[in-house]
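Here are a few notes to read alongside the structure. Take them one at a time, and find each part on screen as you go.

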Amino acid sequence: MDYAVILTNSLQAAFGPLAVFYALLALGLNIHFGYAGLLNFGQAGFAMLGAYSIAVMSTTYGLSLWIGVLAAIVSATIFALLLGIPTLRLRADYLAIVTIAAAEILNLVIRSPSSTPVTNGTRGISQFSQGFDAVAPWDTAARFDFFGIRYSGKDLWNMTVGWSLVALVCLLTWMLMRSPWGRVLKAIREDEDAARSLGKNVYLFKMQALILGGIIGALGGVMYAFNVTTAQPDAYQTSVTFFAYTVLILGGAARVFGPVVGAILFYFLLAFTENVLVQLTAGSDPLIPPEILTRSDAFQIRFIIVGIGLMLLLIFRPQGIFGDRREVSLDAR
Amino acid sequence: MLRRLVALLGLTFAALLTVLAGAAAAEGEQIVGTLASGASGPIEGVTVTVTTADGDEVGSDTTDENGRFEIDVPGAGDYVATIDAGDLPEGVTSSSAERPVTVGPNRAQRVAFALSDGSVGQGGGDTITVLQRFVEGLRFGLIIAITAIGLSLIFGTTGLTNFAHGELVAIGAAVAFIINVSFGVQLIWATLLAVVVGAAIGGLNDRLLWRPLRRRRTGLIAMLVISIGLSIVLRYVLLIQLGGGQQPYADYRGQRAEPYFGGIITLTDKDVASIILSVVVLVAVALMLQRTKIGKAMRAVADNRDLAASSGINVDRVILFVWMLGGALATFGGVLYGLSDQVAWDMGFRLLLLMFAGIILGGLGTAYGALVGSLIVGVFVQMSTLVIPDDLKNVGGLLLLIVILVVRPSGILGVRERVG
């Protein structure tokens, strides 16, 4: 076992571009679930809209990346409206089922052969991120070393923009949640009827929260698409949403920095277990013989650990690391 | 509580290890597939050639008596599979003899060739296709119904929206698959064994996880998210066990579609058996709910839990029974689904959303609502292929779910009440 390699690899993942992606998804979910009590299980759909907006706008229609970002925001808003209009008046578990179904519809439509002219079906779209990499102030092909933790210049640029975006979203969330708007939102989460009896338009507030969180998720999708340089439907399956929930609950819902800490910790733990399992199964004489565990299985076991972690968190510490138990709304009303 | 949880984790882990012990077999990349058409059945003796994307030949195979072919490829990447159209029997044509295939690492990638034999719509035009699709939809709807009744009753009696119910279906199908293929037991006996295992898994679910959580007064939303965690765990255990591809059962492969009602519709024997068995099982469940003491108790608990408890019904026992019934039905539905669509690790999740569509359409929490709603969803999904492409058929079912929530959120058979 090479502990130094395991540690540096885990730290690399903890702050890497994927952690940015999940931090943004979870920040969006924090507005939905943490502050407004909305159980949105379609966050992968929002991220997919973001990624495909960038990809389609710049490759299929040859427009600039800023138009792509704008398209991401607009499409996320429309998706949120489509989701919210039928379901925001309904009970929490209905919203959960509808959002998961809507994200699935989106995925099926985008991967369908019928939409191939625009989305290139299951193969997805690539060759759209050069414009993003070109504005990096350093050489994106170079490698950079921070105390043994290595990033490519491309990843570093993605992380710089990504974590800045995360910081901005955190600031926005912090400002919003101490404003009157945020207090109404929290009031709705605590007692919808009470908020309504004070003359607040509950439906409108919920809708605004759904749109805002959705846009943050779409921006996460944009950053992810720049990182992997392709927009491909398999990358936005429902498990992405579930992982984002794990990140959110791990860090603590209804806390501004909860999702950020959650994402860093989540990726640290994920990379740590993967690296340990890989080392245990590597070489000609692995510590765990291949009859029990092969290398490809080691990759899947991470997901099993995530599932078990999610269950244990919800059972023993639903408020996560930083949350307040009284604030985490986990009861259907 | 902690002891139970440790027991549950221990159980999961033990299951994991047994699973892993049998997993190491499938290494290397392959392109596999089956050539068959409705009228001709499996097609033997067709040469399938695989080339790289640049046109270099990698390998070829001739289909066996089941219409199957498998070709080893040197590694993950993009390939093109071609069938020799001249080898096809008379009357069968292929609209696309060349298919691009992308093979992932260590995967046996399936490739399907679109074969047409003129059997659909033969001689009578559109009404025949409509009827054919309707009957196929009925078959599919009955499968959804069998699996959804358990889900609906679990919701009715405990309030839990169980996202892991799809995995009960997939585990059922997988258990039957392992007994059938690995141990060589005929599928009917394998199914019976699997149903017993499924009931046990359902019961264990309740005893080891959900009952302790109810005792702790865990919130319903928390339980919903816990069920998602459970579904992730189970789904990836299945992926490790079954691999990424789809596999058929050892029996009843490659059946020929026979004409029924004077050739208006064509069905394979297993389709007919699936429809008859589904109806028999559903009638049995309905009779049980209507006539037996435990059935009445189940409906009473679903209707009003506190009232049921105060009338002397042992609610915990009823819920345990609901879970066992749900597990058994999910397993049976899973086997039928595996018979028509093959066994795959993610089959449960594909069915789950349609189950939700069915029970919401019928009225959440009721047994008969789930039945009616599921039938409508199944028929709707199959009939929608008349107007939309086949790969988008599930979209229709999911849209139906959203529409019904706008129009009548309490469902067809549900009591009209405010649900928000």
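At what angle do helix α12 and helix α13 of chain A pack, and how many Å apart are their axes?

1. Please keep in mind that this is a predicted model. In chain A, helix α12 (residues 238-251) packs against helix α13 (residues 258-281) at about 110 degrees, and their axes are 7 Å apart. Angles of 65 to 115 degrees count as roughly perpendicular, so α12(A) is roughly perpendicular to α13(A). Their crossing is right-handed.

2. Next, look at who touches whom. From α12(A), the contact uses T246(A), V247(A), L248(A), L250(A) and G251(A). Among the residues that α13(A) brings are G258(A), P259(A), V260(A) and F266(A). Sorted by class, this contact has 9 nonpolar and 4 polar residues, with no charged ones.

3. Now step back to the two chains. Chain A has 46 residues in contact with 42 residues of chain B. On the side of chain A that touches chain B, α4 (65-87), α5 (92-111), α12 and α14 (295-316) each supply at least two residues. The largest share is that of α5(A), with 13 residues. By class, this side of chain A has 31 nonpolar, 8 polar and 7 charged residues.

4. Finish with a hairpin in chain B. Strand β4 (residues 47-52) and strand β5 (residues 57-62) run antiparallel and are joined by 5 bridges. One pair to find is V48(B), whose bridge partner in β5(B) is D61(B). The hairpin has 4 residues between its strands, and G55(B) in the turn has a positive phi of about 105 degrees.

Notes
Residues are numbered from 1 along each chain as its sequence is written. Chains are lettered from A and ligands numbered from 1 in the order in which they are written. This is a predicted model: local features need pLDDT of at least 70, side-chain atom pairs count only at pLDDT 80 or more; totals for chains, interfaces and linings use all residues. Axes are lines fitted to C-alpha atoms, for helices over the stretch in contact, and angles run from 0 to 180 degrees between N-to-C directions. Angles under 35 degrees count as roughly parallel, over 145 as roughly antiparallel, 65 to 115 as roughly perpendicular and the rest as oblique. A crossing is left-handed if the near helix is turned anticlockwise from the far one by less than a right angle, and right-handed if clockwise. Two residues are in contact if their C-beta atoms, placed from the backbone, lie within 7 Å. Ala, Val, Leu, Ile, Met, Phe, Trp, Tyr, Cys and Pro count as nonpolar, Asp, Glu, Lys and Arg as charged, and the others, Gly among them, as polar. Two strands pair if DSSP finds at least two bridges between them.
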